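Biologist: I am new to this kind of model, and I would like to learn how its features are read. Could you take me through it slowly?

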Amino acid sequence: MATAAATSPATAPSSFPSTARKSTLTTLRVSRKLKLAPAALSSDPSPAFRSVTAFAPATVANLGPGFDFLGCAVADASLSLGDTITATLDPALPPGTVAISAVTSPARPDLAARLSRDPLRNCAGIAAVATLRALGVRSHAVSLELAKGLPLGSGLGSSAASAAAAVKAVDALFGSLLSPHELVLAGLESEKAVSGFHADNIAPAILGGFVLVQSYDPFKLVQLPCPPSLRLCFVLVTPDFEAPTSKMRAALPKHVDIGQHVRNASQAAALVAAVLLGDTAGIGSAMSSDGIVEPTRAPLIPGMAAVKAAALEAGALGCTISGAGPTAVAVIQGDEKGEQIARRMIDAFWLAGKLKATATVAQLDRAGARVIATSRLE
């Protein structure tokens, strides 16, 4: 039987946000202490469903000059670009615990065997435990089935997608009692355990759209609204090459020239302004202008410089490394040139880096983690 994890592990790192999607900037300020939902303070919540399935999209972190403080959610029409979790009430488990009953990876069968089914060593399990604790669930246990749609070490927020789908599914299982900031908190607890205390993947994976991490202490998020008419698409090209986040972070410079800092800060500000204005060309230009992180990471990804050049020559408005890489992300307006640009980028990875690659043309995902199926209580 799958290992069960109780909901009483150590206190979570920080707390956070809330997010009604408005046409104005939404600022999310959070204290450093875990705050339980009102229902959790008074009683053990009753289940609303027997099982819930939730999907969470891929994310593009950093967006060029926004290292560790900017990110956005991306998804394709088939919802294959992301992870899916089914959370089910499991009376066979001890109350208040979480177990992982199955891990599958339809597009990458070998990937499932690499993921632990120990809930305290799996992103989804850690996030689910944190969610049950925030809800105050003591009388019920939950088993998880993880369908992994994202590759590991791809720069597409793989760990964040698992965590985001888990918190959304478990919360919905008990009636969706947690606020958006509590969901992000539970997901961040998973990210902290797996890849470090940074929210530029987990926040957009849960909230959707563009998110700015304004501060980590105190923790403050700002959702960046963009006009509904914005036809922003992303060409995501992932080579057959794994780039562990730890290795890519170790490559970063320890000191930055003041001129480089000023230039990067101005480009990050320009990117935020372009999002708010719905300026696709401005978004692409700013994303291509990172002078600190990309120059140190690109040489570690065979062919990356040639891939960026090929994307821009083919008509992309901008191109950079997605997260820690190795995925290259190009920005386009609409999807008309998507396949053409993707082909040029794939060819460049092969010719310059001797790496096979796959491509997906995705859109900005404004919804974030969402419930896609439920099963009623019997």
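What follows is a conversation about the chain as a whole, then a strand, then some helices.

Modeller: This is a predicted model, in which local features need pLDDT of at least 70 and side-chain atom pairs count only at pLDDT 80 or more, while totals for chains, interfaces and linings use all residues. Residues are numbered from 1 along each chain as its sequence is written, and side-chain values use heavy atoms, with hydrogens and water left out.

Biologist: How many helices and strands does the chain have?

Modeller: The chain has 12 helices and 14 strands, where helices (H or I, at least four residues) and strands (E, at least two) are DSSP runs numbered from the N terminus. Of its 378 residues, 57% are buried, meaning under 20% relative accessible area, with exposed over 50% and partly exposed in between (1.4 Å probe, protein chains only).

Biologist: How should I read the two sides of a strand, and which residues lie on each side of β4?

Modeller: In a regular strand the side chains alternate between the two faces of the sheet. In β4, L70, C72 and V74 lie on one side and G71, A73 and A75 on the other, and all of them are buried.

Biologist: Which strand does β4 join through three bridges?

Modeller: Three bridges join β4 to strand β8 (residues 210-216), and the two run antiparallel; two strands pair if DSSP finds at least two bridges between them. L70 has L212 of β8 as its bridge partner. Strand β3 (residues 51-61) also pairs with β4 in the antiparallel sense, over four bridges, and there T59 is partnered by A73. With strand β13 (residues 357-364) the pairing is antiparallel over two bridges, and V74 stands opposite L364.

Biologist: How is the packing of two helices described, and at what angle do α3 and α4 pack?

Modeller: Two packed helices are described by the angle between their axes and the distance between the axes. Helix α3 (residues 123-135) and helix α4 (residues 158-173) pack at about 35 degrees, with their axes 8 Å apart; axes are lines fitted to C-alpha atoms, for helices over the stretch in contact, and angles run from 0 to 180 degrees between N-to-C directions. Among the α3 residues that meet α4 are A124, A128 and L135, and those on the α4 side include S159, A163 and V170, where contact means heavy atoms within 4.5 Å.

Biologist: Why is α5 described as largely enclosed?

Modeller: In α5, 11 of the 15 residues are buried, so the helix is largely enclosed by the rest of the structure. The buried residues include H181, L185 and E191.
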